[in-house]
Amino acid sequence: MKFKLTLLCLCLWGFTALSAQDMAKIKLKGNYQNKLLDLVMLDLEINYRLRFKYDRALTEDVRITASFGKLPLEDALTQLFKNTKIGFELEAPRTIVLIPKTEMSEMDWSKVEPTRRDFTLKGIVKDSKSGESLPFASVMVKGTYNGVTTNVDGYFTLFNVPADTVVLVVSYIGYQNRLVRISPETDIENVKVELEDFSVALEEVVVKATREEQMLSASTGISRIALAPAALAKLPSYGEKDIFRSLQLLPGISGSNESSSGLYVRGGTPDQNLVLFDGFTVYHVDHLFGFFSAFNTNAIKDVQLYKGGFDAKYGGRLSSVVEMTGKDGNTEAFNMGVGLSLLSVNGFVEAPFAKGKGSFLVAGRRSFQSDFYNNIFEAYTDSNEASNDGPPQNLGRFGQQEVQPNTYFYDLNAKVTYRLNSRDVFSLSFYNGEDNLDNSRNLDQDALAGRFGGNLNFNFQRESTDLTAWGNWGGSAKWSRRWNDRFYSNANFSYSNYYSERNRSDQTFITRADTTVERNTGSYELNDLKDLSFKLDNELKINQNNQLDFGWQTTWNDIEYTFTQNDTISVLDRADEGLTSALYIQDRHTFGNRLVVKGGLRTSFYSPTEQIYLEPRASLSYLLSEKIRLKAAWGKYYQFANRIVREDIQQGSRDFWLLADDDNVSIGSAFHHIVGLSYETKDWLFDVEGYYKTLDGLSEYSTRFVTTGFGPDRQLDYEEFFYTGTGIAKGLEFLAQKKVGRLNGWIGYTLGEVKYDFPIFGDTPFPANQDVTHELKIIGSYQLGKVTFGATFIYATGRPYTAPTGYYELTLLDGTTSSFFEVSNKNSLRYPDYHRLDISATYDFTMGTSQASAGLSITNLYNRKNAWYNEYEVIEGELIETKVSLLGITPSFFFTWTLR
């Protein structure tokens, strides 16, 4: 009997001790509308195993209206009883004692004497629901200029905190701001701040949250913008949240390149952007003709865009940087979700392991050939209209070929993260995406006769095969260590592979009388790029006003490119290897809380040329007042792996990657000059930036000028296909953003010019392919209850292009003949102006404890036929032009569901 009593006492003692330890870990979630408090407490007792002790007279007829997400127990109870006369005290085990509020129940902090002054505060910022750390969040001491940004793992160190009774203002794009009270009891070595995303409505409490439903933050620095991936679901799309499509809605980034998810930033081209995902480089970002980008937003936690003037930490590109951080996986509980649109299906699974020290996430997408999918490409085909009037050169009458593309894509993300302790974080990240495209086409007698008035004196048939496959593989292994309060290191080993293969062949039969002529032509392209990299990045916080960044980065590239024609002629066959090693250092110094100056130097050694390249960088930001900021940046940038444009007037230009050798392919370089001014209030941001970029070492590959001799002696020269030139990109960007409220969004306008100077194309500079003079974007989102309406409008000046003025035929080395064009001056013509209106509606709802949303999106609402490109070819002495248009009106339905 004594043994049983002793055992019972030990069990009760163990339960009590364990519960006391767990009290701080309990998190509540609730949505109560005018509900009796007694019923609310019953609900909490059942679902969270809590126990309430109180005088029934205290709760009689008290009703509760409160909504909160997954909040710590004390914070949730504070909000629950906020508008009542009831206070509480916590007791173990899992017991809440209700007491009447007194006039001093909310502490008068002005009368509390601090116990610590001028100290260093350390902590981490996390998502309250998933436990994901939040990189690049802002932590400020309220009422001062003393603040800091969390690192890529969500940790922060805040120096010179004046007292342990201050309030911290913690903010992160896409999440609700929180005011966190520091008290004498706070553990200043390990402060944990949990933020709610703005899908949960919170009211002010002692730890307070305010709704700031920004989709982007453009005030984080010069030419730097942060995006909220979760908020992008409210914007119109083809049924998929798309980060790169959303980036194209920003000023300074072309939004009229509908056929590519690649970014044309301030006159640059997509290859001039450094795209990083968990530390590894992604070389191609398109899915499905460019209608989708290659990144699944279910796997992405944070997006940082640097449109120019970027830090010494980044190198190897001339234009911009897109740095994406993948989700680590839920550290709190198992979670899963699925999404379905009329074009694709996607899903993810995430869960913790090792008692929350580890977590993993797996996410995947795949397109499918639904009826809606086929209708898109029928519309795409129907919009390819040939002109009977011809272009300005009056080439005569044109035929049209029927194009029926067949394609699919998939992508897969996986990540495992393990937090060994509060100092060390290990992670493995993997990505694979691939597209397969069958763009084969047929042109028969009826189709050709229709374009020639039905009077053909020959029989004609052509079968064209056009097969393309491209994709990316990538992975990284990362170790992050916080050595102490001031020193942080991040080591990353990564591998990336981009490949593209295209096989195109034409078999043509022309019959006159009893004679049939068969003609076979074709081409084959293979581009295979490998990237093996190691990076060691370090941050040293010298003091509150001074931070030193330094590191070492090395990349080995192996790039192959093969281009053959008619199975026998090798036009280009290159296999290049090169090692690029770089050291960088950058100092960030704050003077008087108003002036922030950054100066850096990047030094790169490139093995193919065995030379060292110096890249100095500098930027500054000055607060004229609390609302007005001046900013400027300058820097030198080099690029060693280049995407070369192969101009093809006949079939549309293509591109491929090569390593620069400073012989055929020059090393690209650029100088950035940027100045700007911003005015920001709580609700609005007005920002203007001007940029001027000089470009050198631009490369292009063309067959336009490779003929030698005249008349019947005219021949092709296959050696001199590469041309080198210079360029200038300049412009002004304007942004007006409404940051908060039911109605939010922005208006962006860009006035820009991009001109290239290639001596081979003439004595005067010409507009680059991506030159767009005017571009206006209007983006809006309006929330009405559980429904969010979104709309985007884009207007842009038409892009330049080159058209043929005539043609000639040459005998190739294998004895066959091929047609070549005489063309107009480089990019002397322009397509019509581009404009498009998209709208969407999204309904958010719950299914038990699960979250779901459904919506409709309509792209190109008024069915504008925007030009994509033109194709030209010669058939029986007639020059045929095919005008290829982008998609017309395209509705899409979508549905998403997540377990939590």
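**Figure 1. Secondary structure of the whole protein.** Seven helices and 56 strands make up the secondary structure of the protein. The model is predicted. The protein has 900 residues, and 55% of them count as buried. Contacts between residues at least 6 apart in sequence were also sorted by separation: 66% of them join residues at least 24 apart.

**Figure 2. The open sheet β2-β5-β4.** Three strands form this open sheet, and their pairing is mixed. Its edge strands are β2 (51-53) and β4, each of which pairs on one side only. From one strand to the next, the twist averages 30°. Strands β4 and β5 run antiparallel and are joined by six bridges. Within this pairing, I86 stands opposite P100 in β5. Two helices also belong in this view. Helix α2 lies across β2, β4 and β5 and runs at about 145° to β2. Helix α4 packs on the sheet, where it touches β4 and β5. The direction of α4 makes about 165° with that of β4.

**Figure 3. Helix α4 and its cover.** Helix α4 spans residues 73-80. Six of its eight residues are buried, so the helix is largely enclosed by the rest of the structure. Which residues of α4 are buried? They are L73, D75, A76, L77, Q79 and L80. The elements covering them include the strands β1 (27-36), β3 (63-72), β4 (86-91), β5 (95-100) and β11 (177-181). Helix α2 (37-48) is also part of the cover.

**Figure 4. The open sheet β9-β6-β12.** Here three strands form an open sheet with mixed pairing. The edge strands are β9 (155-163) and β12 (191-195), and each pairs on one side only. The twist averages 40° from one strand to the next. Strand β6 (residues 117-127) runs parallel to β12, with five bridges between them. Strands in a sheet pair through backbone hydrogen bonds, either parallel or antiparallel.

Figure 5. Most residues other than glycine have a negative phi. D118 has a positive phi, near 50°, and is not a glycine. D118 is found in strand β6. Its relative accessible area is 52%; the cut-off for exposed is over 50%, so D118 is exposed. N160 is not a glycine either, and its phi is positive at about 55°. N160 lies in strand β9. With 34% relative accessibility, N160 counts as partly exposed.

**Figure 6. The largest nonpolar core.** This core holds 35 residues. Which of its members touch the most other members? They are F244, L247, F295, V322 and M324. Six elements each supply at least two residues of the core: β15 (224-227), α5 (243-247), β16 (273-277), β20 (300-306), β21 (320-326) and β47 (787-796). Why does the core lie between domain 2 and domain 3? Domain 2 (216-341) and domain 3 (464-854) both give residues to it, so it lies between them. Leaving aside residues up to four places away in sequence, M324 touches F244, V275, L276, F277, D278, F295, I300, D302 and V303. In soluble globular proteins, nonpolar side chains tend to be buried together.

Figure 7. The whole structure contains 35 aromatic pairs. In the pair F277 and F280, the ring centres lie 5.8 Å apart and the planes meet at 65°, so the pair is edge-to-face. Both F277 and F280 are buried. A tilted pair is formed by F758 and F761, at 5.8 Å centre to centre and 45° between the planes. F758 and F761 are both buried. One aromatic cluster consists of F244, F277, F280, F295 and Y431.

**Figure 8. F894 in strand β56.** F894 sits in strand β56 (residues 890-898). Is F894 buried or exposed? Its relative accessible area is 13%, and the cut-off for buried is under 20%, so F894 is buried. F894 and L856 are 38 residues apart along the chain. Their C-alpha atoms are separated by 6.5 Å.

How values were computed
Residues numbered from 1 in each chain as written. Predicted model: local features only at pLDDT ≥ 70, side-chain atom pairs only at ≥ 80, totals over all residues. Heavy atoms only, no water. Pairing = 2+ DSSP bridges. Helix = DSSP H or I, 4+ residues; strand = E, 2+ residues; numbered from the N terminus. Axes fitted to C-alpha atoms, helices over the stretch in contact; angles between N-to-C directions. Core = buried A, V, L, I, M, F, W, Y, C linked by side-chain atoms within 4.5 Å. Buried < 20%, exposed > 50% of the residue type's maximum accessible area, 1.4 Å probe, protein only. Domains from an automatic or database assignment. Contact = heavy atoms within 4.5 Å. Phe/Tyr/Trp six-rings, centres within 6.5 Å; stacked < 30°, edge-to-face > 60°.
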